[in-house]
Amino acid sequence: MDRHFGRRRFLTVAAVAAAGAAVSFLPNPFAADDEKRNGDEKRNENVFFWKGVALGSGAELRLFGVDDRRAADLVNKVLAEVARLEKMFSLYREDSLISRLNRDGYLTSPPADFLELLSLCRDIHALTEGAFDPTVQVLWKLYADYFAAHPDAETPPPQNSVKEALKRVGFGKVSFDDREIRFAEKGMGLSLNGIAQVYSGLTKTSTALPRLSSKRTIL
């Protein structure tokens, strides 16, 4: 595995790994220095707020300092990009590319975005020495099905079932190039929910939002 990443690649990996932890420590990104000293200016600023669901999870979008028409246009562009990405990565859609891959065990002619995300998964899998592994879908499904069938159970699924599922876990068993994505073991599955959400927000839907200024954009 080549671990010599370019600067952009390193920043992407670092951003995905740290996105959840970093935001709470940031200062108010929407206020310039003079606005921080004058709370009235901040309170009078026009704010457009959208809340909904993206890739199976709650999502919010707040636009500061734009009129309603401009804000609605930007939101529509973001939602169009989210819809495009959900057709690839959403496990909640039976017709998504990842659902087809999990069902058939292979996917021909995968789009560039899918390959880029899998490449990012491979990098993080290597850097974490396997602690990050998106092929745990089969194990997650085992637990979900078990507790759905035994809602009062206080113990996990039988160990033999867990061991059998673990045989189909391992990102090294996923091969991919621009021709196809393929699992080495029958019954494997990918779950890209968390990383796909961060990837979509940081590198894809952000392109639909032109930066109003460096102090007014946060992802």
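Student: Which residues are exposed on the other side of α4?

Tutor: Arg69 and Asn76 are the exposed ones there. Exposed means over 50% relative accessible area, buried means under 20%, and partly exposed is in between (1.4 Å probe, protein chains only). This is a predicted model, where local features need pLDDT of at least 70 and side-chain atom pairs count only at pLDDT 80 or more, while totals for chains, interfaces and linings use all residues. Residues are numbered from 1 along each chain as its sequence is written, and side-chain values use heavy atoms, with hydrogens and water left out.

Student: Which residues of α4 are buried?

Tutor: Ala71, Leu74, Val75, Val78, Glu81, Val82, Leu85, Glu86, Met88 and Phe89. Looking down the helix axis, these buried residues fall within an arc of 145°, so they line one face of α4. That arc is taken over the directions from the helix axis to the C-beta atoms.

Student: Why is Phe64 called buried?

Tutor: Its relative accessibility is 9%, so Phe64 counts as buried. Phe64 sits in strand β2 (residues 57-64).

Student: What makes β1 and β2 a pair?

Tutor: Two strands pair if DSSP finds at least two bridges between them. Strand β1 (residues 47-54) and β2 are joined by 8 bridges and run antiparallel, so they meet that cut-off. Lys51, for one, has Glu60 in β2 as its bridge partner. In the hairpin of these strands, with 2 residues between them, Leu55 takes a positive phi near 55°.

Student: Which strands pair with β5?

Tutor: Strand β3 (residues 106-108) pairs with β5 in the antiparallel sense over 3 bridges, and β4 pairs with β5 in the antiparallel sense over 3 bridges too. The bridge partner of Thr108 in β5 is Glu180, and that of Val174 is Phe183. β4 and β5 form a hairpin with 3 residues between them.

Student: Which residues are on the covered and uncovered faces of β5?

Tutor: Ile181 and Phe183 are on the covered face, Glu180 and Arg182 on the uncovered one. In a regular strand, side chains alternate between the two faces of the sheet.

Student: What makes a set of residues a nonpolar core, and which members touch the most others in the largest one?

Tutor: A nonpolar core is a set of buried Ala, Val, Leu, Ile, Met, Phe, Trp, Tyr and Cys residues joined through side-chain atoms within 4.5 Å. In the largest one, with 26 residues, Phe89, Phe114, Leu117, Leu118, Ile181 and Leu192 touch the most other members. Elements that give two or more residues to this core include α4 (68-89), α6 (112-127) and α9 (193-204). The most come from α6, with 7 residues. Leaving aside neighbours within four places in sequence, Leu117 is in contact with Phe89, Leu192, Ile195, Ala196 and Tyr199. A second, separate core has 10 residues, among them Ala54, Ala71, Leu74 and Val78.

Student: What covers the buried residues of α5?

Tutor: The cover includes α4, β3, α6, α7 (137-149) and β5. The buried residues of α5 are Leu97, Ile98, Ser99, Leu101 and Asn102. After α5 comes Gly105, with a positive phi near 85°.

Conventions: Helices (H or I, at least four residues) and strands (E, at least two) are DSSP runs, numbered from the N terminus. Contact means heavy atoms within 4.5 Å.
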